[in-house]
Amino acid sequence: MSTNVTIVGEVSYREGDGPMMLIRPGLCELELTASDATLGWQDGDNRLSAVMPRGDFERFVKKGAIRMEAAQG
């Protein structure tokens, strides 16, 4: 099940062995597993995604760079 989060600070991820890349501020879709967080977002006509260890994701939330959406209902 996915949920929405908002990138409000500097959030980076690494593609393979490449350099760190920033996720632009704005709304993202989040899929969480026991070990990973996958963020997906739209950039113009392109659908982009980033996978990071769950610990990294939780660190970004704790420091306020990722804001969780309030539960509805």
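Predicted model: local features only at pLDDT ≥ 70, side-chain atom pairs only at ≥ 80, totals over all residues.
Let me start with a term: when I say contact, or that two residues touch, I mean heavy atoms within 4.5 Å. Residues are numbered from 1 along each chain as its sequence is written, and side-chain values use heavy atoms, with hydrogens and water left out.

Okay, the overall picture. In sequence order, you read β-β-β-β-β-β-α-β. The radius of gyration is 12 Å, close to the 11 Å from the globule rule for 73 residues, so the protein chain is as compact as a globular protein of that length. For the record, that radius is taken over C-alpha atoms, and the rule is 2.2 Å times the number of residues to the power 0.38. The C-alpha trace spans about 40 × 30 × 20 Å along its principal axes.

Now contacts and surface. Of the contacts with a separation of 6 or more, 40% are between residues 24 or more positions apart. The protein chain exposes about 5000 Å², with carbon and sulfur atoms supplying 49% of that. Those areas come from Shrake-Rupley with a 1.4 Å probe, and for residues only the protein chains shown count as cover. Of the 73 residues, 26% count as buried. Buried is under 20% relative accessible area, exposed is over 50%, and partly exposed is in between, with a 1.4 Å probe and protein chains only.

Val 11 lies in strand 2, and its relative accessible area is 0%, so it counts as buried. Who covers it? Beyond four places in sequence, Val 11 touches Met 21, Leu 22, Ile 23, Met 52, Phe 60, Ala 65 and Ile 66. Ile 23 is twelve residues along the chain from Val 11, and their C-alpha atoms are separated by 5.7 Å.Strand 2 (residues 11–14) also holds Arg 14. Arg 14 is partly exposed, at 44% relative accessible area. Leaving out residues up to four places away, Arg 14 touches Pro 19 and Met 20. Its side chain also reaches the backbone oxygen of Gly 18 at 2.8 Å. Val 51 is 37 residues from Arg 14 in sequence, yet 8.4 Å away in space, C-alpha to C-alpha.

Next up is Asp 17, in the loop between strand 2 and strand 3 (20–23). Asp 17 is exposed, with a relative accessible area of 83%. Asp 17 and Asn 4 are 13 residues apart in sequence, and their C-alpha atoms are 28 Å apart.

Over to Thr 6, which sits in strand 1 (residues 2–7). Thr 6 is buried, at 12% relative accessible area. What does the side chain of Thr 6 make a polar contact with? That would be the side chain of Glu 69, at 2.8 Å. A polar contact here is a pair of N or O atoms within 3.5 Å; within protein, one must be able to donate a hydrogen and the other to accept it, and residues adjacent in sequence count only if both atoms are side-chain atoms. Setting aside residues up to four places away in sequence, Thr 6 touches Gly 26, Leu 27, Ala 65, Ile 66, Arg 67 and Glu 69.

Last one: Lys 62, in helix 1 (residues 54–62). Lys 62 counts as exposed, at 77% relative accessibility. That's it from me.

Terms used
Helix = DSSP H or I, 4+ residues; strand = E, 2+ residues; numbered from the N terminus.
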